[in-house]
Amino acid sequence: MAVPRRTLVTRSVLRGGAPKPEASGIIGKITSKDEYMVLATFGGVASIILLNKMLKGKPKPAPEKPAAAPSTSSDDGIPSFTDPAFAEWIGKEGNFEKLFAQLDD
């Protein structure tokens with residue numbers, strides 16, 4: 001038993017092999033060839049995207065968030081590196097070891 005060969009179905013096969021209708025007007029010219037229909041579809045989608053971007057307008061700038069106040073001390077009593085009191089704190093005996101013990105954790 002022979003297996004029928006699969007063929008690609010195109011619009012001309014679906015029309016039954018009848019002659020193509022005459023192109024009348026813009027729509028008739030666009031639908032006369034498959035290539036024109038593909039190009040018209042791409043152009044339509046591109047036009048919709050372009051109109052959407054034009055009508056949407058420029059994005060509104062986000063409101064500026066207030067700067068967070070720097071923390072002067074953490075739970076262990078170690079001040080922030082940017083805090084002016086850090087130089088005084090690190091100079092005290094035992095604080096240097098406390099700092100590295102926290103960094104190792």
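Helices (H or I, at least four residues) and strands (E, at least two) are taken as DSSP runs, numbered from the N terminus. The model is predicted: local features need pLDDT of at least 70, side-chain atom pairs count only at pLDDT 80 or more, and totals for chains, interfaces and linings use all residues. Residues are numbered from 1 along each chain as its sequence is written, and side-chain values use heavy atoms, with hydrogens and water left out.

The protein chain holds five helices and zero strands. From the N terminus on, the order is α-α-α-α-α. Of its 105 residues, 8% count as buried (under 20% relative accessible area; exposed is over 50%, partly exposed in between; 1.4 Å probe, protein chains only). The chain exposes about 9900 Å², and carbon and sulfur atoms supply 63% of this area (Shrake-Rupley method, 1.4 Å probe; for residues, only the protein chains shown count as cover). Contacts (heavy atoms within 4.5 Å) were also counted by separation. Among those between residues at least 6 apart in sequence, 10% join residues at least 24 apart.

Helix α3 covers residues 34-56, which is 23 residues. The expected span, 1.5 Å times one less than the number of residues, is 33 Å; the end C-alpha atoms are 33 Å apart, in agreement. Gly-57 follows α3 and has a positive phi, near 85 degrees.

The elements giving two or more residues are α2 (25-30) and α3. The most come from α3, with five residues. Leu-39 lies in α3 and counts as exposed, at 56% relative accessibility.

Two aromatic pairs are found in the whole structure (ring centres within 6.5 Å, using the six-membered ring of Trp; planes under 30 degrees apart are stacked, over 60 edge-to-face, the rest tilted). Phe-96 and Phe-100 form an edge-to-face pair, 4.8 Å centre to centre, with 70 degrees between the planes. Both lie in helix α5 (residues 95-104), four residues apart, about one turn. An α-helix has 3.6 residues a turn, so residues three or four places apart point the same way. Phe-96 is partly exposed at 42%, and Phe-100 is partly exposed at 40%. Asn-95, also in α5, is buried at 9% relative accessibility. Asn-95 touches Trp-89 and Ile-90, not counting residues up to four places away in sequence.
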